[in-house]
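Dear colleague,

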Amino acid sequence: MKCFECAAELKVVRENRRYKECGLPNVVLRNIEVRRCPRCGAEDVVIPRLEDLHRLLAAVLLRKPGRLASPEVRFLRKSLGWSAEGFAGHMGVARETVSRWENGHEQMSPVAERLLRLAVAHETPVQGYHVRELAAIAKGESAPLQVTARLAESRAGRQRGRPRPTAAAAAGSHSWELAQAV
Ligand SMILES: [Zn+2]
């Protein structure tokens with residue numbers, strides 16, 4: 001594989017990477033493929049099954065015991081495919097209120113936060129998530145959650161006892177798992 005910038009041969013390594021691009025400050029992806037150019041330093045981070053990863057992150061945030069931090073509110077709103085305008089409409093608040101929730105100038109009310117979590121649970125069904133869990137949330141601090149995720153062989157693949165997939169097919173039978181959430 002050649003570098004797009006300088007055409008030198010890329011070096012492929014596996015590393016833990018902070019996934020800041022998702023908008024959440026503390027998400028670490030374990031052991032993912034990074035293609036780095038030894039000459040110019042350009043790098044390409046390979047994140048397979050992105051949708052699956054975002055579903056996992058949404059599911060983790062739904063169960064967060066404390067209040068949602070502002071980047072988490074934005075992440076969940078985007079995971080619903082809602083614009084800020086649409087979010088304001090669904091929640092029955094002004095567009096400026098959404099801005100304040102998402103830039104940290106105002107904390108969502110506990111009622112609004114439950115509504116957001118319910119919408120996410122409804123739109124991207126999360127296995128075993130029960131409305132009961134909402135009673136335990138929306139208390140305490142709103143520090144962003146620290147999440148570590150790893151790509152693991154999917155349960156379906158393991159159950160069928162298939163032989164280990166080739167690297168090319170691997171992404172298809174793997175799914176993102178939660179390694180740690182603090
Ligand atoms: Zn290069």
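In strand 3, the residue that stands opposite Arg36 is Glu43; helices (H or I, at least four residues) and strands (E, at least two) are DSSP runs, numbered from the N terminus. Please keep in mind that this is a predicted model, in which local features need pLDDT of at least 70 and side-chain atom pairs count only at pLDDT 80 or more, while totals for chains, interfaces and linings use all residues. Residues are numbered from 1 along each chain as its sequence is written.

Strand 2 (residues 27-36) and strand 3 (residues 43-46) run antiparallel and are joined by four bridges, where two strands pair if DSSP finds at least two bridges between them. Six residues lie between the two strands of this hairpin, and Gly41 in its turn has a positive phi of about 85°.

Strand 2 is also joined to strand 1 (residues 11-18) by seven bridges, and these two run antiparallel; Glu15 has Ile32 of strand 2 as its bridge partner.

The contact is made by His54, Leu57, Ala58 and Leu61 of helix 1 together with Glu72, Phe75, Leu76 and Ser79 of helix 2, residues being in contact if their C-beta atoms, placed from the backbone, lie within 7 Å.

Methods
Contact = placed C-beta atoms within 7 Å.
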